[in-house]
Amino acid sequence: MMRKFREKLPGRIFFLLALSSISVLALITVFIVVQGAPIIARVGVIDFVFGMSWAPSQGEYGIFPMIVGSLSVTLGAVVLGVPIGICCSIFLAEFAPVRLRNLFRPAIQLLAGIPSVVYGLWGLIFIVPFIRNYMGGPGLSILAGSVVLAIMILPTVISISEVSILALPPAYKEGALALGMTHWQAIRSVQLPAAKSGIVAAVILGIGRAIGETMAVIMLLGNAVALPSSILDPIRTLTTNIGIEMGYATGEHREALFATGIVLFVVIMILNSTAQTIVKRKKDQ
Amino acid sequence: MKQGNTKISIRDYQFFYGEKQALFDINLDIRANEILSVLGPANSGITTLLRSLNRLCDLIPKVRMQGDILVDGESIYAPHVVVTELRRRLGMVFDVPSPLPMTIFDNIAFGPRLHGKKNRQRLADTVEQSLRMAALWEDVKDRLHMPAMSLSGGQQQRLCIARVLALQPEVILLDRPCSGLDPISTSKIEDSLQLLKKRFTIVIAPHNVQQATRISDSAAFMLMGRLIEVGVGDDLFANPRDKRTSDYITGRYG
Ligand SMILES: Nc1ncnc2c1ncn2[C@@H]1O[C@H](COP(=O)(O)OP(=O)(O)OP(=O)(O)O)[C@@H](O)[C@H]1O
Ligand SMILES: [Mg+2]
């Protein structure tokens, strides 16, 4: 009797721990939905999501420009950051001499530990004036946000891709080389495809970080609520909308910000599941 | 090339992993179209020797070698030797089956494509021939486009042999190719080696002494990085000259 209980105890404890973290997640979700859903219902899902005008004082709650904002800044960060990140990870995993690698790794981890407000400041002082002077526009723009976010997602992309390349069985590489491939051919046609699911996971996490980032982009995007016509225009994202207005919002306005949170949640879930189906489909081939 | 000609000639070869010497003064001639077994207890340096032949050992940092290895009378370290081409000529099969993460067909077509063969029909022919030589065609002809990982261990290993054959090598190096396999897969591989030696020179690190006696035309015994003796035919097993060899063969080294 006692023995049986002891055997099962660890399983139960871990189950409880797992349950508690899931329930916290559930609690947060429920809280946001309860706070935000009523106003979506009142305004109407279509008008809320695709509405072009955001004027809480006049009771207008359309967040489409911010959805466009979140997606465009994230896309920009991915386009700029992911290729660089993957190249870095290949370099670290395959080419860098041990000493260089030991220098790079902690440096990259440090990059991950810098608070986002510092990234924002840095962007404000270097990137924004650069864009204003050499490319035009106000400087506070999609491009400025994308550049800084690209740097912010680098550590995630680099370290997870690197780990997934290093975790490959050495047999892949040896087998490829023994077939007469050069090192680069082995990387490109065997190792990278084999590490693909890990690299995609890295990109997904990078996207998650970019789309959820608030502080740095508040400082860099200009925060205008309007559809942009170029990457040099200012914009507002879903997160910055919440971050800027939550401090003073009351009543219906406050509810609308929670509703913005719901939309952010949904957007992230859509992105994640798309990425995951891509990985799955590729794997089944 | 007829049997009897020297295909590979190893001269005063020494190999070092950093400070640690793994091979000492190896002198060995390997004749064309025969199966040479290289056997010995763990850590004898057999893997190091096999991987030296196709210069796969070069890739490990801080290694160093002395002496020479000649293939068809030409040093593999000669400056004009293209290493990737050398590795095509001396194909290698590893102890753990290592199919690439792609389909059965692509695993085999990969090497030929890499070396410039693009014609679809000819590729398909090469794939079929290679699979037949490796005694795998009947098993997989209906599922060439399934992932190679879906094969059993023995089939994966035969796939790796077929993959090497598709490159039209001259020498096949096999490092304990049957170590994880069941007796039936093992005997299939042994059978196909007997067919293959008509066209290729084969150097194998056998699974155990029994396997060596079944398959070899000559056998070499290694111990702690040194080549102890070489025997043609059953010589090494029937009349070992060195006491250490007979100890190993009668099972005293495990
Ligand atoms: N990459 C390496 N770095 C340092 N030493 C190594 C390396 N590979 C092998 N060695 C050493 O060289 C010696 C010979 O190893 P090798 O793998 O060639 O022997 P082996 O006969 O193939 O052994 P096994 O029967 O275990 O396959 C061993 O002492 C081993 O520890
Ligand atoms: Mg070995």
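Predicted model: local features only at pLDDT ≥ 70, side-chain atom pairs only at ≥ 80, totals over all residues.
Q: How far apart are the end C-alpha atoms of helix α9 (residues 196-212) of chain A, and what span should its 17 residues have?
A: The expected span is 1.5 Å times one less than the number of residues. For the 17 residues of α9(A) this comes to 24 Å, and because the end C-alpha atoms lie 24 Å apart, the two agree. The value for both is 24 Å.

Q: How many of the 5 residues of strand β7 (residues 171-175) of chain B are buried?
A: Strand β7(B) is mostly covered. Of its 5 residues, the number buried is 4.

Q: Which residues stand opposite B:Leu173 of β7(B)?
A: Strand β6 (residues 90-93) of chain B pairs with β7(B) in the parallel sense over 4 bridges. Strand β8 (residues 201-205) of chain B also runs parallel to β7(B), joined by 5 bridges. In β6(B) and β8(B), the residues opposite B:Leu173 are B:Met92 and B:Val203.

Q: What is the handedness of the β-α-β unit made by β7(B), helix α7 (residues 183-196) of chain B and β8(B)?
A: Strands β7(B) and β8(B) run parallel, and α7(B) belongs to the unit with them. With the strands pointing away from the viewer, a clockwise path from the first strand over the helix to the second is called right-handed. The unit here is right-handed.

Q: Which element gives the most residues to the shell around ligand 1?
A: The shell includes B:Tyr17, B:Lys20, B:Ile46, B:Thr47 and B:Thr48. The elements that give two or more residues are β2 (20-31) and α1 (46-53) of chain B. By class, the shell has 5 nonpolar, 6 polar and 1 charged residues. The largest contribution, 3 residues, comes from α1(B).

Q: Which element supplies the largest share of the side of chain B that touches chain A?
A: The contact involves 19 residues of chain B and 15 residues of chain A. On the side of chain B, α2 (83-89) and α3 (104-114) each supply at least two residues. That side divides into 10 nonpolar, 5 polar and 4 charged residues. Its largest share, 4 residues, comes from α2(B).

Terms used:
Residues numbered from 1 in each chain as written. Chains lettered and ligands numbered in written order. Buried ≥ 20, exposed ≤ 12 C-beta atoms within 10 Å, placed from the backbone. Pairing = 2+ DSSP bridges. Near = placed C-beta within 6 Å. Nonpolar A, V, L, I, M, F, W, Y, C, P; charged D, E, K, R; others polar. Contact = placed C-beta atoms within 7 Å.
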